[in-house]
Amino acid sequence: MTTAELIGDSLWPIVSGALTGTIPLALVSMALGLVLALLVALARLSPRAWLRAPARAYVSLIRGTPLLVQLFVVFYGLPSIGVLVDPWPSAIIAFSLNVGGYAAEVIRAAILSVPRGQWEAAHMIGMDRAQALRRIILPQAARVSVPPLSNTFISLVKDTSLASLILVTELFRRAEQIAAFSQQFMVVYIEAAAVYWVICLVLSAVQSRLETRLDRHVAH
Amino acid sequence: MSRTDRTAPAAPSPRPHGAQPLLRVRGLQKAFDGTPVLRSVDLELRSGQVLALIGPSGSGKTTVLRCLNALERADGGVVDLDDVRVDLGADPTRAQLDALRDRSAMVFQHFHLFPHRTVLQNVTEGPLVVQRRPAAEVRAEALELLRRVGLDGRADAYPHEMSGGQQQRVAIVRALALRPQLLLFDEPTSALDPELVGDVLALMSELAREGWTMVVVTHELTFARDVADQVAFMDGGLVVEHGVPADVLGRPRQPRTQQFLRRLLRGTELPPDDPTDGVRTVAT
């Protein structure tokens, strides 16, 4: 089999691994992670210490341990205390928790970057804390957090390759199977790398458009 | 345009000065991290009157305004505003502070317009979202107010597309649209380029003539002299001298007031009194 034939035969399995594995895994984990991150960020900014403390501990734990270890704890660790989780849910749980920890810090910083005067103006017109957050603060924080959250998302897309180690069939696991079968490690792994790269190029383009869109009404 | 004047919100509504004070502040105290900023501040203002708060920076002027709008929680003192009485020393509830806040509206030194909202949205946000008034009415009133401050046609602009003077006029309209009993101005022209100060002061003079009750923290002594009914000079968290502008600014009795005015006027002179300027009823 020539290299060209190998690429021709293996490209679709790898791309379909991205379409049915990598991309949905990243999207779902990012979405859940963002919801979690917003809650954790708000807890960290809360005036109540009993909300701040666990939020801080969570962020510290997530950022202080390797993602691979987090993944293994969920998939291989939990069964030993009687909780059996399938590969896909395990991966989504671990990635969501991981993104939640990192994105919480991004969102917290973005909220803090909104000038205090915006809170005061919101209160002045009679808004309570929740209204001020939802209508005045978060829309402005959103703009600030697009670049760092895009970084988080792009990292997540690449990190999903770790899910191959808990038997989730995604892009990289497909590539491994093909490489093992064909014994053409160089070609197949470069092919896999190229597919990741293309996905990330698309994401970068989306990020630029989002920034331009959100920039329209902000002073420079 | 006043809060009680709901049928004709945009029409000028001169009101006689009330007999009862609209605002009465007694013994207002506030400390930040143990450092007293307000030691004991007493103020009284009747409906339709304008009070100018002057004094060196750090004297507590701005803190008085912020306590009145409940942006700061004072440590002690009693505030009566309209029908609300809040004893700030007695651990007031959120609802009490909200009631106080609902009756006043503030114009900030740095405007604090919402950058992601259009001019019109900045103005209607409070009436629509907080006061839940009918959208058509709120919109019509906001557009009329914008027209009156010379910003017709800019309703759909964003704050960053406007000059500082225009932004401050939007901020004033945002405050008026809340239909407050009391307008609070925190150095409203200090952040403006000199050539833009005049428009904002002119608008404030007009509001004073229409009968709005206003507390204005300012360094604009000409404005204080010509527009205010009362001037209070603050220093070190206390009202050191309080009276009609002619007395406080013209014949200050307290050495600290004299010193402050001398320093502020060094090199500049107050322009002579304009005798054609409308004579305002002055409280004594």
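Colleague: How many residue pairs are in polar contact across the interface of chain A and chain B?

Modeller: This is a predicted model, in which local features need pLDDT of at least 70 and side-chain atom pairs count only at pLDDT 80 or more, while totals for chains, interfaces and linings use all residues. A polar contact is a pair of N or O atoms within 3.5 Å, where within protein one must be able to donate a hydrogen and the other to accept it, and residues adjacent in sequence count only if both atoms are side-chain atoms. Across the interface of chain A and chain B, with both residues at pLDDT 80 or more, the number of such residue pairs is six.

Colleague: Which helix of chain A supplies the largest share of the side that touches chain B?

Modeller: Helices here are DSSP runs of H or I with at least four residues, strands are runs of E with at least two, and both are numbered from the N terminus. Helix 5 (116-124) and helix 6 (129-159) of chain A each supply at least two residues of the side that touches chain B. The largest share, eight residues, comes from helix 5 of chain A.

Colleague: Which residue of chain B forms a salt bridge with A:E120?

Modeller: A salt bridge is a side-chain nitrogen of Lys or Arg within 4 Å of a carboxyl oxygen of Asp or Glu, and between chain A and chain B the count is two. In the one that A:E120 forms, the closest N and O atoms are 2.6 Å apart, and the partner is B:R66.

Colleague: How much area do chain A and chain B bury between them?

Modeller: Contact, meaning heavy atoms within 4.5 Å, takes in 20 residues from chain A and 21 residues from chain B. Buried area is the accessible area (1.4 Å probe) that two parts lose on being put together, summed over both. With 62% of it on carbon and sulfur atoms, the area buried between chain A and chain B is about 1,900 Å².

Colleague: Is B:R132, which has a positive phi, buried or exposed?

Modeller: Residues are numbered from 1 along each chain as its sequence is written, chains are lettered from A in the order in which they are written, and side-chain values use heavy atoms, with hydrogens and water left out. B:R132 has a phi of about 55 degrees although it is not a glycine, and its place is in the loop between helix 3 and helix 4 (135-148) of chain B. Buried means under 20% relative accessible area, exposed over 50%, and partly exposed in between (1.4 Å probe, protein chains only). Because its relative accessible area is 67%, B:R132 is exposed.
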